[in-house]
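Have a look at the model first, then read on.

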Amino acid sequence: MTHVSRRWSVLACLAAASVVVAGCTSGGSGGSPSGQGGGTTSTTGKQAAAVKGGTVVASLTAGTIPNFISPLQTGEFLTVANIEGFSQLMWRPLVVIGVNGKPVPNLQRSLYKSIHYSPSGRSVTIQLKPWKWSDGKPITSRDVEFFYNLVRYNKAKWGNYSKGYFPDNVTKFTTKSASTFTLTLDQPYNSGYYTDDQLQEIVPIPQHAWDKTSPGGKVGNFDRTKSGAAKVWKMLFQAGKDGGTFTSNPLWKVIDGPWSLSSYSTNGKVVFVPNKAYSGPKPKIDKYVNLPFTSDTAELNALLAGSQIDVGYVPLIDAKRALSQLPGDGYTIKPWYDLAITFSILNLKSPSVGSMLSQLYLRQAMQSLIPQKQIIDKIYNGYGVVGPGPVPLKPNSPYVSPLERAGGPFPYNPTKAKSLLQSHGWQVNPGGTDVCLKPGSGPGQCGPGVAAGAKLQFTALYTTGSEATDLQYQAIQSAMAQAGIQLSLKSQPFNTVVGIVNPCNPKNPTSKFCGWQLGDYGGWGFSPYPVGVLLFSPGSIDNSGSWVDHKAVQLMSAAFHSTNPKAVWAYEDYVAKQVPFLWLPVPAGLIAYKSNLRGAFPVNPLGFPNADEYYYTH
């Protein structure tokens, strides 16, 4: 799974309250080749001719900068910009998801030739395609084993790790041949889920070039021991964050994806050229550029200039203006929805406010004070859907429960919020600050750990760069104040927020991971099974709020082992009612692309760039 501006499992593509269409696709801005115009068909109805070559410049989501190149991301670097828009262009996962905008395996672009589950469902055998690395060496089972060993021996550092899931659910890795291997599983799994969600986390990496403990060391089989794997991981991690050597380090020259890194700037501009040795369908364009922006306004201005960006996004707050101008400037604009949810995480281990945020009734009251429909209508210009819980309402899927379709358990209701607070011992002061009058853990009291005189005052941290995000939090701040909950607002650059909003260790209360109270890094995308294992499992790096609920764990497990969508319904309804996060409205994306560019739409449902499918027409 990945976060919408963060972590993989899809790490989606919405930057908090602004749309990250190209951000999701990790696009950038720039000029298209001269002399190219037209549409998919001519006025006579004939198919437009494809033009070979050219440059596509796509806009990165405002405030996001790719800063980690290795496909072995830690939680700190598990972002959309780093994964979908950077490493996975060069190193493809075993299973690539996305065909014509649908969340299904792409057989043409995946590394596997076949996947077979045993009748018992306790093992899966995968045969690889006869593809090669850029240095001519074949991609083999050993490369998959290399990834598996590094992840299992360093799982506490791996951003996609969640206890009980990959690699924990693999009890044995068996090499059948150079091109075939078998994973023995700890129990039977829903094969559709296991392929789409677990196998797509596997990224074969070049053992013959990377299995060493120092940059200048010799290649060995270090990954096959715990101590050796730790040294290899450390070496790759240090190199992976050294932006000054991204284009020169020999490690990153051995790739199997369609794109090779040509240039990288620490300000976020990245230039790719086709990998001439790529075994799959070759890119049709000559260059793919990701261009960074400090704000949505700057990105929109570049888009309106008409010559800088080929694939960009329209901030929803400016939708009416853009829709009236951009089509005349040679752009096509299309709305779409990522498989994503958005939310504000609650730090339940915060030394200052964790005891209050741990109270279920308070979380339910706060959820009842988020005016989602108003935000959608006034800020998103109608392009969005209510976020009632942990499963996306859009795109349409059988996994959305009747309760979520009806708006969820806690729609906007200030009266209910006030009643919840008053019935639990709080003096509610609309426009002021609520005070705990009845401390204690009994009926009608404020709850365990909440002291007499405690005040409902919190700070919400979110990402900079989006006017829509600012307005969204101002609307939430105003709504909370109606019930006497005071919300202070603080914004920081995306990479800063991602580096702060992580699990707090109470044994280290002065850590930056313990200083935040409410945190919003943009949301979370799924890949594509919509169950938040990484978000809600105890001990997960991505369980930033440290919410632990054993019934939720049981329901997640049941959902993963069932083919019945109602198993997901049970999970989502329970988690929605528990409010581990404050659910926020989910904006649609408005992608803007040159009208003579093909492949940009439909957008990949996981936010993966379609760059190798781009081409221009006459």
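A disulfide here is a pair of cysteine sulfur atoms within 2.5 Å. Keep in mind that this is a predicted model. With that cut-off, how many disulfides does a search of the whole structure find? The search comes up with 2 disulfides.

**The disulfides**

Let's take C436 and C446 to begin with. Their sulfur atoms sit 2.1 Å apart, and the two form a disulfide. The torsion about the S-S bond of C436 and C446 is about 115 degrees, so this disulfide is right-handed. The pair links distant parts of the chain: C436 belongs to strand β20 (residues 435-436), while C446 is in the loop between β20 and β21 (457-463), 10 residues apart. Are these cysteines buried or exposed? Both C436 and C446 are buried.

Now for C504 and C514, which also form a disulfide, with their sulfur atoms 2.0 Å apart. For C504 and C514 the torsion about the S-S bond is about 90 degrees, so this disulfide is right-handed. C504 lies in the loop between α15 (494-500) and α16 (512-515), and C514 is in helix α16, so the pair ties together parts that are 10 residues apart in sequence. Buried means under 20% relative accessible area. C504 has 6% relative accessibility, so it counts as buried, and C514 has 3%, so it counts as buried too.

**Aromatic pairs**

On to the rings. Searching the whole structure turns up 33 aromatic pairs. Here are two of them:

| Pair | Geometry | Centre to centre | Angle between planes |
|---|---|---|---|
| W131 and Y278 | edge-to-face | 5.7 Å | 75 degrees |
| F246 and Y264 | tilted | 4.7 Å | 55 degrees |

What parts of the chain do W131 and Y278 link? They link distant ones: W131 is in the loop between β9 (123-128) and α3 (141-153), and Y278 is in the loop between β13 (270-274) and β14 (287-291), 147 residues apart. W131 has a relative accessible area of 11%, so it is buried, and Y278 is buried with a relative accessible area of 2%.

F246 and Y264 also link distant parts of the chain, 18 residues apart. F246 is in the loop between α6 (226-240) and β12 (259-264), whereas Y264 is in strand β12. F246 is buried, with a relative accessible area of 2%, and Y264 counts as buried at 16% relative accessibility.

Which aromatic cluster do F246 and Y264 belong to? They are part of one made up of F86, F246, W259, Y264, F272, Y288 and Y614.

**Where α3 meets α6**

Two of the helices named above also pack on each other. The axes of α3 and α6 are 9 Å apart, and the helices pack at an angle of about 95 degrees. Angles of 65 to 115 degrees count as roughly perpendicular, and α3 and α6 are therefore roughly perpendicular to each other.

Which residues make the contact? From α3 come F146, N149, L150 and Y153, and these meet K226, A229, V232, W233 and L236 in α6. Sorted by class, the contact of α3 with α6 has 7 nonpolar, 1 polar and 1 charged residues.

Methods
Residues numbered from 1 in each chain as written. Predicted model: local features only at pLDDT ≥ 70, side-chain atom pairs only at ≥ 80, totals over all residues. Heavy atoms only, no water. Helix = DSSP H or I, 4+ residues; strand = E, 2+ residues; numbered from the N terminus. Buried < 20%, exposed > 50% of the residue type's maximum accessible area, 1.4 Å probe, protein only. Phe/Tyr/Trp six-rings, centres within 6.5 Å; stacked < 30°, edge-to-face > 60°. Axes fitted to C-alpha atoms, helices over the stretch in contact; angles between N-to-C directions. Parallel < 35°, antiparallel > 145°, perpendicular 65-115°, else oblique. Contact = heavy atoms within 4.5 Å. Nonpolar A, V, L, I, M, F, W, Y, C, P; charged D, E, K, R; others polar.
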